[in-house]
Amino acid sequence: MKGGVLEVLLVSAEDLKHLHLLGSSKYYVILQCGNQVCTSKIKEGEGEKVWWNEKFTLKLSSSEWKNMMMLKLRIMKKDKFCDDRSVGDAIVYLRGALKEGCEKGCLELKPAPYNVVLEDGTYKGEVKVGLKLISDVEVDLQTERRGCTITERQPRSIYRIILNYTLQRIPWARFLFLHNHATNANGKTD
């Protein structure tokens, strides 16, 4: 079956919104193109930059190729004790590149930065992505499906549910201020 190939090179991200104060963060990216979804490896942020250097190959049928409008990248923060949280989204519009790729047969776009859009519509950080488009190639869709999987929401473990419930109900003031000493009239502590 004739179709096209879209190769996505996920290079790095920098200046992302930090979701917690202590320790380093681990990030991964969920790539969505049409009905295909791919997930990158989990990488730890070094300083203010996260490096993936990972390539994804999406093989698309001719109908998917013609109807494809954008590539959506959702940057996620890996969390040990609760659900992974979304840092932000970046969208790469492909319409013009696909048109030019169809005319030339092959088009390669060097890695370029795309803004990361937060939930409130503001920008914080950028993700660097490169693309390669190859049109009019013979596509074996069964082989393609092995490269990228449909990600499903993983069920929450009972451990996470219990931990989240109990952490919210612990009177943290008692633990943080254990050294409160009663002072008597002379100003001495007991």
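The structure is a predicted model, in which local features need pLDDT of at least 70, side-chain atom pairs count only at pLDDT 80 or more, and totals for chains, interfaces and linings use all residues. Residues are numbered from 1 along each chain as its sequence is written, and side-chain values use heavy atoms, with hydrogens and water left out.

The protein chain holds five helices and nine strands; these elements are DSSP runs numbered from the N terminus (helices: H or I, at least four residues; strands: E, at least two). Along the sequence, the elements come in the order β-β-β-β-β-α-β-β-α-β-β-α-α-α. Of the 190 residues in the protein chain, 34% are buried, where buried means under 20% relative accessible area, exposed over 50%, and partly exposed in between (1.4 Å probe, protein chains only). A contact is counted when heavy atoms lie within 4.5 Å. Among contacts between residues at least 6 apart in sequence, 66% join residues at least 24 apart.

Turning to the interior, a nonpolar core is defined as a set of buried Ala, Val, Leu, Ile, Met, Phe, Trp, Tyr and Cys residues joined through side-chain atoms within 4.5 Å. The largest such core has 32 residues, of which Leu6, Val8, Leu71, Leu73, Ile75, Leu94 and Val127 touch the most other members. At least two residues of this core come from each of strand 1 (2-14), strand 2 (26-33), strand 5 (49-61), strand 6 (70-78), strand 7, helix 2 (95-104), strand 8 (106-117) and strand 9 (123-138). Strand 5 gives the most, with five residues.

Val127 shows how this part of the chain is connected. Leaving aside neighbours within four places in sequence, Val127 is in contact with Leu10, Ser12, Ala13, Leu73, Ile75, Ala90, Ala112, Pro113, Tyr114 and Val116. One of these partners, Ser12, sits in strand 1 and is buried, at a relative accessible area of 3%.

Met69, Met70, Ile91 and Tyr93 form a nonpolar surface patch with about 420 Å² of accessible area together. Patches consist of residues with over 30% relative accessible area and no salt bridge, with like charges joined within 9 Å and nonpolar side chains (Val, Leu, Ile, Met, Phe, Trp, Tyr) within 5 Å. Ile91 belongs to strand 7 (residues 85-93) and is partly exposed, at 34% relative accessibility.

Side chains of opposite charge can pair when their charged atoms come close. Nine salt bridges are counted, each a side-chain nitrogen of Lys or Arg within 4 Å of a carboxyl oxygen of Asp or Glu. Asp15 and Lys124 meet in one of them (3.0 Å, N to O). This pair links distant parts of the chain, 109 residues apart, with Asp15 in the loop between strand 1 and strand 2 and Lys124 in strand 9. Asp15 is partly exposed at 35% relative accessibility, and Lys124 is partly exposed at 30%. Another salt bridge joins Asp89 and Arg74 (2.7 Å, N to O), placed in strand 7 and strand 6 and 15 residues apart. Here Asp89 is buried, at 17% relative accessible area, whereas Arg74 is partly exposed, at 31%. Asp84 and Lys78 also form a salt bridge (3.6 Å, N to O). Finally, salt bridges with shared partners join Lys72, Arg74 and Asp89 into one network.

Definitions and conventions. Accessible areas come from the Shrake-Rupley method with a 1.4 Å probe; for residues, only the protein chains shown count as cover.
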